[in-house]
Amino acid sequence: MDYLDEEQRRAITMKSSSIALQYKDYFVNLIDSPGHMDFCSEVSTAARLSDGALVLVDAVEGVHIQTHAVLRQAWIEKLTPCLVLNKIDRLISELRLSPMEAYNRLLRIIHEVNGIVSAYRSEKYLSDVDSMLSVAQSGDAGEENYELLEDDEEDTFQPQKGNVVFACALDGWGFGISDFAEMYVSKLGASSAALQRALWGPRYYIAKTKMIVGKKAIVNTSKARPMFVQLILEPIWSVYQATLEGDRGLLEKVIKSFNLSVPPRELQNKDPKAVLQSVMSRWLPLSDTMLSMVVKCIPDPATAQSLRLARLLPRRETFENGEMSDVLAEAELVRKSVEACDSSTLAPCVAFVSKMFAVPTKMLPRGEILNNPTDDGDSGECFLAFARIFSGVLFAGQRVFVLSALYDPVKVESNQKHVQTANLQSLYLMMGQGLKPVPYAKAGNIVAIRGLGQHILKSATLSSTLNSWPFSSMVFQVAPTLKVAIEPSDPADMGALMKGLRLLNRADPFVEVTVSARGEHVLAAAGEVHLERCVKDLKERFAKVALEVSPPLVSYKETIEGDITTNPLENLKLFFGGNSEYVEKTTQNGRCVVRVHVFKLPTPLTKLLDESSELLGDIIGGKSGQALKSLETSRGSIVEDENPIEALKKRMMDAIESEFSSSDTESEKLRTFWKDLFKRIWALGPRQVGPNILFTPDSGKSVEASVLIKGSPYVSDKLGFCNIDNNNNNGLNESSDETLLREEAESLESSVLSGFQVATSAGPLCDEPMWGLAFIVEAFVSPPPTDDNSSTTTATHHHHHPEQYGVFTGQVMTAVKEACRTAVLQRKPRLVEAMYFCELNTPTEYLGSMYAVLARRRARVLKEEMQEGSPLFTVHAYVPVAESFGFPDELRRWTSGAASALLVLSHWETLLEDPFFVPRTEEEIEEHGDGSSMLQNTSRKLIDAVRRRKGLPVEEKVVQHATKQRTLARKV
């Protein structure tokens, strides 16, 4: 299935590819998806189109980061998982484990995988309990609902249930418990069902009495072997031992014992590996084992779609309207057709496109090349849609509606930009690299569709009716974090590059193409391997020009040092009472005085605001219909009929409580205080949805002869923390001048907001966004200065004064921006960098080399443990993203290829070093000297590197050593 040159060169899968298989009376669509973390987006696109998942785990290396990611994706998409333990042969030939040791290893891996799934179940269980408790607190209706919550269920993966297969794909064999249960029915005289239950776990066979007993009935437990070891693993070990050691007698004995028909010519082969493959593939054929497990354990499309309906098409809140009743009735009919997987021609046709993929035009079936109107001119690429039909029948030449994720069938007039009409040119069954044209395809099938290249960018819903809700958005495990700037080597090729970037953006489901503020074309990928493949595709397939790729552009954030106090409540009261330090700025015309207070938000609240940015954008922007969609994307799961605003409010309060672990009384006071604070949220920033908060100032404050710009808790109102009172009675006893001044102050609220947004989007250290800061901006507006000598002079002065320093609104915005940036500089600013979670596997002899590489990369080791039954160590560490480029290559080079590393984006972490550190105390001076010869710390180096890249001024010595500089020429 891996047919790309790059895939074969690296020996890894890089894209999802599908194949249609016939097994007995069943038709199976199998999608092969990558295991590398850089291509986890391909797993997301494959999971959306599937009913079940075959999760592969290496029997030697065990559970990895990818295993967690794949199991979580299957859980989110409500797929039925089956477990495949691959590379069993390595336990025999490489690790040389005994059958009993191998059994214990396999038992531990299955237990670990079950533990991961159990954690996801517990997460859902706890959320269900929380929802029950909230209902119970509001009334008596919660008592009987506790019965609906299921207690802890049995393990997901159990070999005796048939959803675990032990395999060696390289030698072409695999088995499940049921295969051996059928083999031993006649020999042991027991039923197949009884043997299937007994062949896994602590069950022992007593040959003398011909009885199956438990562990308690065994006298000598140290020598006793479970039936799985005695009846399954030992025969397999015997075959391997006989073949690799050339013991023909033992091999023929095993062949005769299990009635295998192996041609003598193959047994006489001098290559023991070929003999082994011929014997094992006939004894335990892998294809039959895998497909029989798929048919038995994974539900058919009709059953699976009814289980997954809440995830695919969640119920939307709609207001009953007489005019829209027909629309909603048809939308409900479509939903029921998807639930039943209705494959009749009368049913509405609904399909979901999870990605677009490009194939060279010459790879299309022969008859299709001639009449192929290429969408992209002379690019030589044809874009096909990777789709699954969920309802009805799809025909070649059919006219369908392409619905984007924002489409709403109720709002017809505003949906023109979210729906398109397209004609399907051809349908194909995907056979790995090949494409087989078909005239039509029914519900439940996976097909490639030609003719949608100009209508779909990444993913979309296809429907034969406009009265249908679009499918929910897909969830990706990571975000594209590795960014580079790309430009053509020859400026004349800029047009070809822009066209190539458009094609690449459509062909890869995860890549992001943007234009930076400096005009650079920025390509964002998931990791180094993903980036290399994207650049290679650009050069050879899409743009076909020579390219210049910049060093990676690493994103940072800016924050301040948190206040480490024993009493956080008193500290907060001091801050919001206005008694804390503040920065004061005055506009150039002197009419507005701006005071800014800043403090650091609790880290859990900052992370929550950062993760929920899309949901906050929908809520604050008034897109209530999209809030539920954003909720499921941010949480990775969805609970039906849950109010996204209430869920976010609860998570915000939980984040506050998790930060402060104090006494019950203190905790309750903090909770009450933060509840009051959440009623004063004026705005979030940057871009209206960031992890920084602007609180409204205390309205009781005033400066003589001036008016405070009060602001309004707009975000608090949208989040349901408070209601904005529009009844403003402030002007009852005011003079006309005071009224005009107050109205002017109200008109300047947008300037304060703009200044806050600009400041949080570009901090003072290196113009990177701020992170986790709370601001209070007190802006006092005073009346314009007057001249008492003559009214004529005053009028003239009023007319010319604003023009002297520019527009007054701009002056206020600039003053707020500068005050915010200065306030951050005065409160011990710190740099925040992104961190990768790194999992490394290395033999014992290379541990020293591996730690040396980690030390050079500023990594922080979390734990190290030795894998049982193997010489490998597993090390977990955090590696800064800025230091991760070239890390896997350097690791392989220093460990002679023995160590491997897996990287996945974990979190943002504050660098504790002060970028402006200067020795002041006696101890510091004694250690660092007077500071003149002290090297820059890491934080300052990173800041200067970013400032150089952005063209900002950098404080550095031009001449490092003030001695006479030498030249290469020797003139005596």
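Student: Is Thr156 buried or exposed in this model?
Tutor: Bear in mind that the model is predicted. Thr156 belongs to the loop between helix 5 (99–138) and strand 5 (164–168), and its relative accessibility is 12%. Buried means under 20% relative accessible area, so at 12% Thr156 counts as buried.

Student: Which residues is Thr156 in contact with, leaving aside its neighbours within four places in sequence?
Tutor: A contact here requires heavy atoms within 4.5 Å. With the neighbours within four places in sequence set aside, the residues in contact with Thr156 are Pro81, Asn114, Val117, Arg121, Lys161 and Asn163.

Student: Is Arg687 buried or exposed?
Tutor: Arg687 also lies in the loop between strand 26 and strand 27, and it has a positive phi of about 55 degrees although it is not a glycine. Exposed means over 50% relative accessible area, so with a value of 66% Arg687 is exposed.

Student: What is the relative accessible area of Phe695, and how far in space is Phe695 from Val715?
Tutor: Phe695 is part of strand 27 (residues 692–695), and it is buried, with a relative accessible area of 0%. Although Phe695 and Val715 are 20 residues apart in sequence, their C-alpha to C-alpha separation in space is 9.8 Å.

Student: What share of the residues in the whole protein chain is buried?
Tutor: The secondary structure of the chain comes to 33 helices and 33 strands. Among contacts between residues at least 6 apart in sequence, 74% join residues at least 24 apart. Of the 972 residues in the protein chain, the buried share is 49%.

Student: Which element gives the largest share of the lining of the largest cavity?
Tutor: There are 4 cavities of 30 Å³ or more, and about 70 Å³ of space lies in the largest cavity. Its lining has 12 residues, with Cys40, Val43, Gln66, Ala69 and Val70 nearest the centre, and the elements giving two or more residues are helix 2 (40–48) and helix 3. The largest share, 4 residues, comes from helix 3.

Student: How many charged residues are in the lining of the second largest cavity?
Tutor: The second largest cavity has a volume of about 50 Å³, and strand 25 (592–600) and helix 29 (808–826) each supply at least two residues of its lining. The lining residues include Glu581, Val596, Gln826 and Arg827. They divide into 5 nonpolar and 1 polar, and the number that are charged is 2.

Methods:
Residues numbered from 1 in each chain as written. Predicted model: local features only at pLDDT ≥ 70, side-chain atom pairs only at ≥ 80, totals over all residues. Heavy atoms only, no water. Buried < 20%, exposed > 50% of the residue type's maximum accessible area, 1.4 Å probe, protein only. 1 Å grid on protein atoms, 1.4 Å probe; cavity = no way out; pocket = protein on both sides within 12 Å on 5 of 7 lines; lining within 4 Å. Points joined across faces, edges and corners; volume = space filled by probe spheres on them. Nonpolar A, V, L, I, M, F, W, Y, C, P; charged D, E, K, R; others polar.
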